[in-house]
Amino acid sequence: MSATILVTGGAGFIGSHTCVALAQAGYTPAILDNLVNSDVRVLDRLERITGKKPQFIEGDVRDRALLDRVFRDLRISGVIHFAGLKAVGDSVADPVTYYDNNVNGTLVLAAAMQAAGVRTLIFSSSATVYGDPERSPIPENAALRPANPYGWSKLMVEQALSDLQLAHPDWSVALLRYFNPVGAHESGLIGEHPQGKPNNLMPFVCQVAVGLREKLAVHGGDYPTADGTGVRDYVHVMDLAEGHVAALLHAEKQPGLLKVNLGTGEGASVLDVVKAFERVSGRPLKYEIGPRRPGDVPAYWADPSLAQDLLGWRARRGLDQMCADSWRWQQANPNGYQS
Ligand code: NAD
Ligand code: WQD
């Protein structure tokens, strides 16, 4: 019988793709999600891709009684914890809600795992813990200085889980710091569909290309980068999903604490993304260079060598594939799972 992995937030963007990678690796994913930022119809899509509909528990990760029931009823061998809120601007406007979901949610989960004897936890951290880094590529031992409550919530959880692992050396904890996840499963059946106006670059580009929005506002053309636009380390969501499986396999082998970057190690500018998207979609993309977005960092990308050394993982999919897969998903599902 294959091991069952509880995937909190598994109906969301990265979680749903990770469910595919888990199934492909022979695990059985069980999703717990309150659907605050996702759509239950993703389950049918997962069934179409993997041949099996994942077990779904609708509920909140802060609900201790529910977690106790889940750990009692399902034989969970490990947890991948995606559930949380991720909009930086909202976290500034409503920090308490962010700390409650992201920090308190993780503490409730960790306590329930401790009580149930489940000792393997993979956590969605973020490159945002580095804030505005001194230099790129960023290694894991770079200074940590988040610039907003969302980033602080990730760093607080990293600290709490590190302390937990120190106190209980039989735990296996992996803190995965994602850079900029984009793309979609190559089937075009699952992908990212933000509610309302997208904050992030790739969903916005997709919505311009498909005609839902008139043009892309490029946030700043005067950064000290090659073409003046912001540079990020975009990483394909399926590479990221496979990184979780690699982390899980490592965590199962030996207890301990891992802090690992998941990125490609390469920076791409906003205009690089625009050009790649035009290339793969065959459509011109209307854009206008405007003012900088407050709080944005000019440029950063990962040093991904630790993930390669420890987990044997590296990103295999390039920018063209990220754009092509995003575009396939967007075209087939212009209104997300409602399409
Ligand atoms: P997402 O919003 O698509 O997925 C998060 C899922 O968690 C959603 O399905 C949502 O309904 C669920 N959820 C939220 N709060 C919950 C709660 N209290 N109880 C149960 N379910 C809850 O986001 P994503 O992009 O898939 O991100 C997944 C994780 O990765 C998040 O923790 C996010 O902070 C982190 N992360 C994301 C990015 C990114 O750019 N997408 C980068 C770094 C880290
Ligand atoms: C990328 C680049 C923008 C939109 C955010 C979070 C971070 C992490 C990932 C969770 C920047 C430019 C964007 C647009 C633009 N999430 N841009 N026009 O800001 O690097 O990271 O998501 O952990 O915490 O802050 O990603 O996609 O918003 O921006 O020019 O309409 O695209 O200025 O240079 P960001 P992004």
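An oxygen atom of ligand 1 sits 2.8 Å from a polar backbone atom of Ile14. Before starting, note that this is a predicted model, where local features need pLDDT of at least 70, side-chain atom pairs count only at pLDDT 80 or more, and totals for chains, interfaces and linings use all residues. Residues are numbered from 1 along each chain as its sequence is written, chains are lettered from A and ligands numbered from 1 in the order in which they are written, and side-chain values use heavy atoms, with hydrogens and water left out.

**Exercise 1. Work out what surrounds ligand 1.**

Step 1: Start with the shell, counting a residue as near if one of its heavy atoms lies within 4 Å of the ligand. That gives 28 residues, and the closest are Asp33, Asn37, Ser38, Asn101 and Tyr150.

Step 2: Sort them by class. You get twelve nonpolar, eleven polar and five charged residues. Here Ala, Val, Leu, Ile, Met, Phe, Trp, Tyr, Cys and Pro count as nonpolar, Asp, Glu, Lys and Arg as charged, and the others, Gly among them, as polar.

Step 3: Look for polar contacts to the ligand (pairs of N or O atoms within 3.5 Å). A polar side-chain atom of Asp33 is 2.6 Å from a ligand 1 oxygen, and a polar backbone atom of Val36 is 3.1 Å from an oxygen of ligand 1.

Step 4: Check the cover. On its own, ligand 1 has 820 Å² of accessible area (Shrake-Rupley method, 1.4 Å probe), and the protein covers 95% of that.

**Exercise 2. Find which strand gives the most to the shell around ligand 2.**

Step 1: Count the shell. Ligand 2 has 19 residues around it, the closest being Ser126, Tyr150, Ala217, Arg232 and Asp296.

Step 2: Strand S8 (residues 216-219) comes out on top with four residues.

Step 3: Oxygen atoms of ligand 2 lie 2.5 Å from a polar side-chain atom of Asp296 and 2.9 Å from a side-chain N or O atom of Arg293.

Notes:
Polar contact = N/O pair within 3.5 Å; in protein donor to acceptor, adjacent residues only side chain to side chain. Helix = DSSP H or I, 4+ residues; strand = E, 2+ residues; numbered from the N terminus.
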